[in-house]
Every structure is written in structure tokens, then in C-alpha cells.
Amino acid sequence: MKSLMSFALSLLMAPAAFADLTIYTDRPTDRVRPVAEIFTAKTGQKVTIVEEAYPALLKRIEAEGANSPADLIFTKDLVFLSELARLGHFQAFQSSTIAHSVDSSMRDPQNLWTAVSKRARTIMYNPNRVQASELSTYEDLADVKWAGRLCLRTGKGSYNEALVASLIVNNGAAKAKEIVAGWVENLAVDPFPNDTKMLEAVANGICDVAIANTYYLAGIIAQNPKFPVKAYFANQNDTGAHINGSGIGVAATSKQAALASQFIEILLQDDVQLSLTGAHYEYPAKINLLPSTLIREWGGFKADSANWSVIGDEAEAARNLIREVEYK
Ligand SMILES: [Fe+2]
């Protein structure tokens with residue numbers, strides 16, 4: 001009787017052998033849930049999704065420390081992925097499937113995270129005011145020929161930090177500073193709070209060129225095919241267009257790393273890649289998988305091959321540079 005009781009007690013005390021898989025994310029829950037359903041159908045494991053903006057998510061992870069229930073961290077930007085890696089919040093995944101699915105430039109060199117989706121942050125122009133043949137590189141937008149013709153989103157925020165960090169990687173800090181200072185000099189109006197408002201300004205002739213994420217333009221064109229703004233992939237004759245994207249890694253605290261890796265493998269299945277990225281006009285991260293939405297018509301492009309972790313390492317320097325040139 002006593003042994004039966006202690007057996008029952010041990011069952012109660014034992015950590016749940018089949019705990020749910022918990023995902024921390026700054027992605028919309030509705031976008032993650034269909035993937036969770038596929039995972040549950042395949043493994044029998046439930047998935048708990050905890051959605052918060054990145055700063056709150058990071059705060060939560062730091063506060064929970066070793067007791068964090070997180071198994072996976074899924075976030076929207078290379079700046080966040082590299083910060084989480086640097087702070088020790090990921091453990092390496094062991095999966096050749098993941099390694100074979102995503103180009104090494106979009107995976108952490110130590111397998112701490114992998115990209116799930118990507119987009120270009122590239123030149124956008126009003127074809128009624130600019131010929132594509134006049135466009136070339138990010139660097140060229142600092143030229144005096146664009147004086148009073150450039151619109152930018154605010155320099156605060158991960159998208160432009162990552163872009164400026166990539167300029168530091170490809171040009172060195174001094175040259176990158178000259179370029180960004182040149183942009184600020186060329187602004188038509190004060191920086192915009194978001195890409196959508198900035199693209200509307202290009203359409204309305206407030207400025208002729210801008211730098212935006214491809215999915216914002218695609219989202220507008222899906223609603224209004226006559227919207228007079230086009231994407232131009234920058235730096236096609238040298239470094240390639242700057243890309244950024246969402247990515248995921250196994251949380252350092254996870255005791256279910258194999259299961260968590262399985263979730264990542266599902267995220268990288270062709271069908272899941274297409275539905276996940278198609279919903280908001282991003283490009284699949286998976287090698288050789290073309291998007292199925294209207295961005296497919298924009299054609300392929302040369303992407304910057306610098307590793308996202310190398311770019312992420314320059315995010316702090318980029319923040320300082322942005323402040324120094326008074327890019328607000
Ligand atoms: Fe965005």
C-alpha cells in the first residue's frame with residue numbers, strides 16, 4: 001500500500017513527460033496557429049503560443065530565467081535573433097533537415113536560429129517621376145542628384161538598424177556614416193513613422209524614391225493594383241539587396257529540444273512556407289522555393305550574402321551611427 005502511495009505520489013511529482021510545446025513569439029498568433037495545428041496532428045503534442053512585442057518578450061525571458069517554459073522563440077527581425085543569440089537565450093538545434101532547407105547566410109553559424117521568411121528592404125520609386133535606369137544602389141541615394149527627392153522611415157527601429165548595419169558590413173563604418181548622412185541630407189520631408197505612410201508619399205509625389213520592405217508595397221498593390229510605386233532591387237551588380245526576415249530558434253531553457261526542432265522542420269515544409277509567407281507577401285526562406293503571391297511577378301533578385309548574424313553584430317554600431325548623423 002505504502003509503495004503504491006509513493007508510486008502515485010511520484011507520478012504527481014514527476015515533471016510532465018509530455019508537456020505542451022511553448023512558443024514565444026512577436027508574430028501574430030493567428031499566423032502561428034495553423035502551423036501549431038499541423039504539429040499537433042503529427043505529434044499529438046499541444047502547442048501554447050505566447051504572443052508579445054519583442055521588447056516585452058525579451059523582458060519576460062530574462063525575468064523567468066532558468067524556469068522559463070519557452071521551447072521556441074520566433075521573432076520577426078535579424079536584429080532580434082542575433083540579440084537573443086548573444087544573450088544566450090537559444091540552444092543549438094540538431095537537424096540536418098533545417099540546415100539543408102535554408103541558405104547558410106540566413107542561419108546562425110552555430111545553429112542557434114534559422115530564418116523562416118524573408119523580405120528585401122530595397123529602393124521603391126514612383127515610375128511617373130523616375131526611370132528604373134536612374135536607380136542603382138543604396139549608396140547612390142546619398143548622391144546630390146536625389147536632393148529633396150528621398151523619403152525614409154524613421155531611423156528608430158530594427159528594420160533600418162539592420163539596413164544600416166549591412167552598410168557597415170559591406171562598406172566599413174566610415175563610408176556607411178557618409179552614406180546615411182547623405183540620405184538625411186537628401187530627405188524631401190521628415191522621416192515617416194512607418195513604411196506604408198512613406199510609400200503613400202512616394203505615390204503622391206511628395207518624394208520620388210524611398211527604401212521600404214517589399215511586403216508593404218505588395219500589400220498595398222494587392223488592394224490597389226494601380227498604386228504608382230515600384231520596387232527596385234538595389235545593388236544587383238555588387239553586394240545584392242539587403243534582406244531581413246523572421247526566424248526561430250530553440251529556447252535555451254527547453255527540455256524538449258528534439259520536439260522543438262521538429263516544429264521548425266514543419267515551418268520549413270514547402271506547403272507551410274507558402275501559406276505562412278503568402279499571408280503577408282514575404283518570400284519563403286526555403287532554398288529554391290518561389291513565392292506564390294504577386295511578388296513572384298517582380299522576379300528573382302540577388303540578395304546580400306552577408307550572414308544575418310554578422311549584420312546583427314553591427315546593430316549597436318548602426319544605432320550609434322544613426323544617432324550621430326541625426327537620422328531621426
Ligand atoms: Fe513590418
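A residue counts as buried when its relative accessible area is under 20%. This cut-off is needed at the first stop of the tour, which takes place in a predicted model.

**First stop: I73**

Select I73, which lies in strand β3. Is this residue buried or exposed? The relative accessible area of I73 is 1%, so I73 is buried. Now display the residues around I73. Leaving aside residues up to four places away in sequence, I73 touches Y24, I61, L84, H89, F90, G247, I248, G249 and A251. I73 and P225 are 152 residues apart in sequence, and their C-alpha atoms are 36 Å apart in space.

Next, select strand β11, residues 247-251. How many of the residues of β11 are buried? The count is 5 of the 5 residues, so the strand is largely enclosed by the rest of the structure.

- Strand β3, residues 72-75, runs antiparallel to β11 and is joined to it by 4 bridges. Here I73 returns, with G249 as its bridge partner in β11.
- Strand β4, residues 90-91, is also antiparallel to β11, with 2 bridges between them. In this pair, Q91 stands opposite V250.
- Strand β5, residues 114-115, is joined to β11 by 2 bridges and runs antiparallel to it. T114 stands opposite I248 in β11.

Select residues 21-25, strand β1, together with residues 47-51, strand β2. These strands run parallel and are joined by 5 bridges. Within the pair, L21 stands opposite V47 in β2. Which helix does the chain pass through between the two strands? The path from β1 to β2 leads through helix α2, residues 29-43, and this β-α-β crossover is right-handed.

Select helix α3, residues 54-64, and helix α4, residues 78-86. Their axes come within 12 Å and cross at roughly 10°. Because of this angle, α3 is roughly parallel to α4. At the contact, Y54, L58 and I61 in α3 meet F80, E83 and L84 in α4. Sorted by class, the residues of this contact are 5 nonpolar, no polar and 1 charged.

Then select helix α6, residues 158-171, and helix α13, residues 315-324. The axes of α6 and α13 are 8 Å apart, and the helices pack at an angle of about 100°. The two helices are therefore roughly perpendicular to each other. From α6, the residues N160, E161, V164, A165 and I168 take part in the contact; from α13, they meet A315, A317, A318, R319, L321 and I322. This contact of α6 with α13 has 8 nonpolar, 1 polar and 2 charged residues.

**Last stop: two loop residues**

Most residues other than glycine have a negative phi. With that in mind, select N111, in the loop between α5 and β5. N111 is not a glycine, yet it has a positive phi of about 60°. N111 is partly exposed, as its relative accessible area is 23%.

Finally, select Y281, in the loop between α11 and β12. Y281, although not a glycine, has a positive phi of about 60°.

Conventions
Residues numbered from 1 in each chain as written. Predicted model: local features only at pLDDT ≥ 70, side-chain atom pairs only at ≥ 80, totals over all residues. Heavy atoms only, no water. Pairing = 2+ DSSP bridges. Right-handed = clockwise from strand over helix to strand, strands pointing away. Axes fitted to C-alpha atoms, helices over the stretch in contact; angles between N-to-C directions. Parallel < 35°, antiparallel > 145°, perpendicular 65-115°, else oblique. Contact = heavy atoms within 4.5 Å. Nonpolar A, V, L, I, M, F, W, Y, C, P; charged D, E, K, R; others polar. Buried < 20%, exposed > 50% of the residue type's maximum accessible area, 1.4 Å probe, protein only.
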